[in-house]
Amino acid sequence: MEPIQPKSHRAFIWTVTGISVLFVLTLVFIQQFDFSSKIKSFETATNNFFVQTIHSDSLTPPPLRGVFGQLHEPLTDVGVLALTNKNRDEAGVKDLTLNDTLSVIAKQKLDDLFSKQYFEHVSPTGIGPSDLAKENGYDYIVIGENLALGSFNGDQALIDAWMASPGHRANILNPRYREIGIAVGQGVFEGKTTWIAVQEFGLPITACPQPSVTDKVTINKIKTQVNNLESSLATQKTAIDSATIKFGVDYNAQVGQYNSAVKQFNTLVNNLKAKISSYNKQVATFNTCAEATSTIPEQI
């Protein structure tokens, strides 16, 4: 016959066994549910989510005001373009191509100067060349504007006056520009009939390889998914922490669900990091290209 163990001894064995099991389960729980470390990986990923501002400049020398008087030879868009490129050729700078959008902007500026009776690069309502470019969908790396008012007696006289002004000359000969828009017109300014000429210069954004719009949309989509999943994980973690009974089928199901979500979260974060890294390389390539064209002639 087997000896009967004292109850106190059996109770002690069960107690020790229970404590050991609980200790092991606690260690497993701690290892599996270190949610703070998951949040850290998410924060690191979003801190790396940056898109540098596209490099851009606006070059606007003080407007050139000539004298009023009778103009024997009118100004022409064609003549201004030809003489502008002639000066660029002589300086060893590539010709400018006439751009329809820049010409629309130049005409809008011309009409606005006569209409509002001002002679500045920025209108009384605060609209400048960069604003007009944005309104007309002209995306640029650099944009510039030359203005002239007065009776210059023909295209050659106008270009000569601009070339005699250091700031306007710098715009005409700026090697950064690739496109131009021109508008000339006669009207009444300050009670006198005179002419106004506008040149809009531009280096379009397409001159440099642009970051993928699709990639940026994908990054924003994944970022939204990560944010939503983070919120869901926080809710699940609160429920796990506040559970009165931390064992059983229901509790284990909660834990399993949470673990599955954490795995999905980490996969999304890693994917986000990879997409961000790829996109930022594209941004860096664009900015390097934009900065390589950023030698600005001195303006006075």
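Predicted model: local features only at pLDDT ≥ 70, side-chain atom pairs only at ≥ 80, totals over all residues.

Biologist: How many disulfides does the structure hold?

Modeller: One. Cys 208 is joined to Cys 289, with an S to S distance of 2.0 Å.

Biologist: Where do Cys 208 and Cys 289 lie?

Modeller: Cys 208 is in the loop between β6 (192–204) and α8 (213–242), while Cys 289 is in helix α9 (residues 249–292), so the pair ties together parts 81 residues apart in sequence.

Biologist: Left-handed or right-handed disulfide?

Modeller: Left-handed, because the torsion about the S-S bond is about -80 degrees.

Biologist: Is Cys 208 buried or exposed?

Modeller: Cys 208 is buried, at 3% relative accessibility. Cys 289 is partly exposed, at 21%; the cut-off for buried is under 20%.

Biologist: Staying on α9, what about Leu 272?

Modeller: Leu 272 lies in that helix and is buried at 0% relative accessibility.

Biologist: Now packing. Which residues touch the most other members of the largest nonpolar core?

Modeller: Val 80, Leu 158, Trp 162, Val 184 and Ala 197, out of 27 residues. Elements giving two or more residues to this core include α3 (77–90), β5 (179–189), β6 and α9.

Biologist: What is Ala 197 in contact with, beyond its sequence neighbours?

Modeller: Among them are Leu 75, Asn 146, Leu 158, Trp 162 and Val 184.

Biologist: What does the second core include?

Modeller: That separate core has 19 residues, including Ile 219, Tyr 251, Val 269 and Ile 276.

Notes: Residues numbered from 1 in each chain as written. Heavy atoms only, no water. Disulfide = S-S within 2.5 Å. Helix = DSSP H or I, 4+ residues; strand = E, 2+ residues; numbered from the N terminus. Buried < 20%, exposed > 50% of the residue type's maximum accessible area, 1.4 Å probe, protein only. Core = buried A, V, L, I, M, F, W, Y, C linked by side-chain atoms within 4.5 Å. Contact = heavy atoms within 4.5 Å. Lists of a residue's contacts leave out its neighbours within four places in sequence.
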